[in-house]
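Subject: Structure handover

Hello,

Here is the structure I promised to pass on to you. Please open it alongside this email, and my notes follow below.

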Amino acid sequence: MSSEPATVELDLSACDREPIHLLGSIQPHGVLLSLREDDLRILQASSNAPDMLGIPVRGTSLPDALPAVAEKLGSDWPGRVAEGAAGYLKSVELPTPAGIRSFDIAAHRAGRRIIVELEERLEPNGSEDGFARLRALATSFQGASSLQELCTVFAQQIRALTGFDRALVYRFDEDWHGTVLAEDRNDSLPSYLDLRFPGSDIPAQARELYRRNRLRIIPDAGYQPVPIEPLLDPEAGVPLDLSYSVLRSVSPVHVEYMRNMGTGASMSVSIVIEGRLWGLVSCHNRAPRRVSLAARDLCDLLTQMLAVHLDARERTVATTQRARLAGIQSRLLGYMAEGERFLDGLIRHPEEFLELAGASGAAIVSAEACWLVGSTPPEAAVKDLFEWLSREHREDVFSTDVLSSVLPEAKSYAREASGLLAISVAKRQPAYVLWFRPELVEAVRWGGDPRKPAAAIETGRIHPRQSFEVWKETVRGRSAPWSAAELETARELRNAIIGIVLRQAEELASVSEELQKANKELEAFSYSVSHDLRAPFRHIVGYSELLKAEEGERLSSNGRRYIDVIIESAFSAGTLVDNLLSFSQMGRASLKRVNVDLKLLVEDVRRQLMRDEGAGRMVRWDVGQLGRVHADPVMLRLVVQNLLSNALKYTRGRHEALIEIGRSVDAVGEAAYFVRDNGVGFDMAYVGKLFGVFQRLHRVEEFEGTGIGLANVRRIIERHGGRTWAEGEPGRGATFFFTVPPEQPAEPHA
């Protein structure tokens, strides 16, 4: 059998749950005392206190047990102890079993307890001159031209101050993987420069401790933990919170991790920017090594100085980027204000549209339309993406640099769109502006295989990984991340677009109000026309016919002809009034759409027209397969009646009239219906007048009519969402086209 311990299924989340701030022990290079706040009575102490200090301490007050410490700190020192990270206070000499020894004192508050820690003092070696270090670091920072150079000079300063074999500056990414940005070392330990370490190497609760307590040192990875006695606070009944302790023991997993790395001592100082853990300054030594409390405090101060400088650099870069993007956004908004449709300002200026988000492709997409700019996924994929966003992500701004991680089908177009930035520019009917970033194929050097972060043995205890050999991986499906400035600019553009939409809505509301007033006036006018104009025309026709019947024999032939002209003109005027009234009402009548068999409708209208207008004429009708459409049957009948009536009228001079009604389908699948005749035709130079009110291309003496029929056709078809157009040639006939929505599927039964 193998001598290797058997592995078991591993739950790495157990690392995140380990209470590493409540381990109940410290490292052996110092003593810890927990004091009651009101009388400084020592309630808990590390078990090495009697041996290291030569006296029992528990159960007494600090002034009684260690009067030299109390005298050195002064009577007001408890008031100077703050909640949070321990601070270096004083050095003191104490009599011990080994003779007079010097100790450094640090103290902090932990709830209702004051924690005092004493470490045996190390003699200064000249490297701890704080003013000299600050001046040297400030000079180095001023000369650094890049982030890597800045971090490198800092690593050099920290290693010179502490004497460790290796000093690293380590930065976290958004997934808490860490990358070594800079390094200074001797030949005792290998280089980790540019290596990436998985986020599982530093669990979540460890990162939180790094954020709260900026400095931690382990002088000897082979140490034996010293327990705190008693384990529980005798009054509160809970373990002592060691979050801010300088002597706090560390997880056995971490100690084993150090041994696997081949390091005998380590120190880390947290780089915290605005409360966020940006990275770590991590120092390692092959052999055990202590660093004095004073030197560590100086390292903490220098690291805070680095954090301020890094924050300033990041703010400068962000401010510069925001200013540049603001200029682009301002120009785009100007273009949008000039365009007939405001989004044309984006589409017609693709370079600036893409530059606004640092993208290689973009799209503006809604349920009705999709415009693509630059390098994008196929249109069908963009529409699917729109549906997914509308269904799953209705937030104002959505961004990801690994789109396939939230939408697996995006792997098929990762090359064009591994990154997505989307802004919602409408809610009631979803519409989005999208930007795409291409895949960045990246070769990553890991400090060990990230797929094997830890192992477990039969007991279930977790052990850290043992190998830190360079492991190379090619990362795909990820784009460059979206910066905070780009996200902020996208949000501002969204707000500006929403503002434009709202202003347009207000303008439309104002126009709608005016239109409503105009419609009411038109209704009043129509009523007046129907009652005040139609009646006089009827009177003119009626009395003229009476005059002709009763007095016609006494009139001359010219007189009778004059009466006929009066009757015909009054009748035409009445018909014109009726048609004008019908046209005005056409735009207000509500549509009642149903599925209509267009061929049956055409046949019915054709039979009626042949009975009323085509009697005695030779007319050949050619009616093709027309199918079914979704329309208001009453209004659609008016369309067919007008078009067929015109075809009969304008073929009156032909020995045999040929009228064809059919259906054609264009390249994109849209069906158009047409009425074609072999009549007098028209000149295409005047085609723009055909569908206007009172527009005629032939003299009324040749062909009767009011000039409203085709205007009614266009108004009805447009209300159905369709189009109308015509083609013709003088003496060779004309063709009139229109489109209407196709048949709709029946609603399912409940």
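Which residue in β26 is the bridge partner of Arg-620? The partner is Leu-658. Before I go on, please note that this is a predicted model, in which local features need pLDDT of at least 70 and side-chain atom pairs count only at pLDDT 80 or more, while totals for chains, interfaces and linings use all residues. Residues are numbered from 1 along each chain as its sequence is written, and side-chain values use heavy atoms, with hydrogens and water left out.

**Strands around β26**

Strand β24 (residues 619–623) and strand β26 (residues 657–665) are parallel and pair over five bridges. β26 also runs antiparallel to strand β27 (residues 671–677), and seven bridges join these two. There, Arg-663 stands opposite Tyr-673 in β27. On terms: strands (E, at least two residues) and helices (H or I, at least four) are DSSP runs, numbered from the N terminus, and two strands pair if DSSP finds at least two bridges between them.

**A cavity**

The whole structure has four cavities of 30 Å³ or more. A cavity is a set of points on a 1 Å grid, over the protein atoms alone, where a 1.4 Å probe fits but cannot get out; its lining residues have an atom within 4 Å of a point. Points are joined across faces, edges and corners, and the volume is the space filled by probe spheres set on them.

The second largest cavity has a volume of about 120 Å³. Its lining includes Ala-85, Asn-213, Tyr-244 and Asp-300. Helix α10 (residues 293–338) gives the most to this lining, with four residues. The lining divides into six nonpolar residues, one polar and four charged. Here Ala, Val, Leu, Ile, Met, Phe, Trp, Tyr, Cys and Pro count as nonpolar, Asp, Glu, Lys and Arg as charged, and the others, Gly among them, as polar.

**Backbone points to look at**

Most residues other than glycine have a negative phi, and most peptide bonds are trans. Leu-40, though not a glycine, has a positive phi of about 60°; Leu-40 sits in the loop between β2 (30–36) and β3 (42–46). Leu-40 counts as buried because its relative accessibility is 13%, buried being under 20% relative accessible area, exposed over 50% and partly exposed in between (1.4 Å probe, protein chains only). Glu-274 also has a positive phi, near 50°, and is exposed at 64%. The peptide bond from Glu-229 to Pro-230 is cis, with omega near -15°.

Best wishes

Terms used. 1 Å grid on protein atoms, 1.4 Å probe; cavity = no way out; pocket = protein on both sides within 12 Å on 5 of 7 lines; lining within 4 Å.
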